[in-house]
Amino acid sequence: MSHRSRLLINFVGFQIAWFACVLSAANNQPIIGICIALVIVLIHLYLAENQKRALSLLAIITLMGSAWDSVLTNQQILVFSSGMMLPFLAPTWIFAMWLSFSTTINTAFRWLYHRYFLAFILGAISGPLTYQAGAALDAVVIPNSLTATVWIAIGWGVMMPLFILIAERFETIDTNKNNGVSSS
């Protein structure tokens with residue numbers, strides 16, 4: 001499969017997962033979005049050149065992003081009514097959304113490799129816009145839009161370059177192993 005085809009599948013797949021998670025959560029049926037997101041992730045893993053590396057990257061990014069959203073949930077910067085398992089954690093569909101988003105870091109967002117400032121700007125702008133879109137679709141309530149925008153912009157502005165750096169590091173380790181170079 002060509003690089004362009006993988007990129008298109010990844011980009012479209014994430015968009016499908018995002019809308020499925022948001023719309024199903026807004027309709028109090030988060031399991032639908034979770035299942036769709038999991039199918040998208042499984043397709044990503046099937047197409048990945050190195051499934052072990054891809055799975056590790058997915059786990060790290062999902063945990064980081066979900067932890068950040070859990071902080072915002074715990075502080076009631078974001079209020080969710082669907083998919084909550086524990087009151088201090090982000091809902092399950094947010095975990096699924098982070099999992100599907102993590103598939104984009106070394107594919108659709110690969111062009112951000114070594115462009116950390118651009119990753120910061122992109123994260124700081126697109127992060128708040130994404131949550132506002134989720135609020136407009138009734139998947140989340142944002143009690144104080146200004147406070148939420150600032151915190152989400154800071155979180156995404158910091159996390160996006162970190163995600164890129166982590167993905168680069170995984171790729172470097174994998175490349176060094178394939179070339180017989182020790183990565184310690």
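1. The crossing of α3 and α4 is right-handed, a crossing being left-handed if the near helix is turned anticlockwise from the far one by less than a right angle, and right-handed if clockwise. The two helices pack at an angle of about 140°, with their axes 8 Å apart, where axes are lines fitted to C-alpha atoms, for helices over the stretch in contact, and angles run from 0 to 180 degrees between N-to-C directions. The angle therefore makes α3 oblique to α4, given that angles under 35 degrees count as roughly parallel, over 145 as roughly antiparallel, 65 to 115 as roughly perpendicular and the rest as oblique. Helices here, like strands, are DSSP runs numbered from the N terminus (H or I and at least four residues for helices, E and at least two for strands).

2. The model is predicted, so local features need pLDDT of at least 70 and side-chain atom pairs count only at pLDDT 80 or more, while totals for chains, interfaces and linings use all residues. Residues are numbered from 1 along each chain as its sequence is written, and side-chain values use heavy atoms, with hydrogens and water left out.

3. In the contact of α3 with α4, the α3 side consists of L58, I61, T62, G65, S66, D69 and S70, which meet I94, F95, W98, L99 and S102 of α4; contact means heavy atoms within 4.5 Å. These residues divide into six nonpolar, five polar and one charged, with Ala, Val, Leu, Ile, Met, Phe, Trp, Tyr, Cys and Pro counted as nonpolar, Asp, Glu, Lys and Arg as charged, and the others, Gly among them, as polar. S102, found in helix α4, is buried, with a relative accessible area of 0%, and, leaving aside neighbours within four places in sequence, S102 is in contact with L58, I61 and T62. Buried means under 20% relative accessible area, exposed over 50%, and partly exposed in between (1.4 Å probe, protein chains only).

4. How do α1 and α2 pack against α4? For α1 the angle is about 175°, with the axes 9 Å apart, which makes α1 roughly antiparallel to α4. There F14, A17, W18, C21, V22 and A25 of α1 meet W93, A96, M97, S100 and F101 of α4, a set that divides into 10 nonpolar, one polar and no charged residues. For α2 the angle is about 20°, with the axes 9 Å apart, which makes α2 roughly parallel to α4, and the crossing of these two helices is left-handed. That contact is made by P30, I34, A37, L38 and V41 of α2 together with T92, W93, A96, L99 and S100 of α4, and its residues divide into eight nonpolar, two polar and no charged.

5. The largest nonpolar core has 43 residues, of which W93, W98, F101, I105 and M160 touch the most other members; a nonpolar core is a set of buried Ala, Val, Leu, Ile, Met, Phe, Trp, Tyr and Cys residues joined through side-chain atoms within 4.5 Å. The helices α1 (3-26), α2 (30-47), α3 (51-74), α4 (92-102), α5 (116-136) and α6 (145-178) each supply at least two residues of this core, and α6 gives the most to it, with 10 residues. Apart from this core lies another, of six residues, among them V41, L45, A54 and L58. Not counting residues up to four places away in sequence, M160 touches F101, I105, F109, L112, A119, L122 and G123.

6. H44, placed in helix α2, is buried, with a relative accessible area of 11%, and touches N10, A54, L58, T103, N106 and T107, not counting residues up to four places away in sequence. T104 sits in the loop between α4 and α5 and is likewise buried, with a relative accessible area of 2%; leaving aside neighbours within four places in sequence, T104 is in contact with N10, F14, F109 and R110. T104 and A167 are 63 residues apart in sequence and 10 Å apart in space, C-alpha to C-alpha.

7. Finally, the backbone. Most residues other than glycine have a negative phi. Q76, in the loop between α3 and α4, has a positive phi of about 60° although it is not a glycine, and counts as exposed at 58% relative accessibility. H114, in the loop between α4 and α5, has a positive phi near 65° and counts as exposed at 61% relative accessibility.
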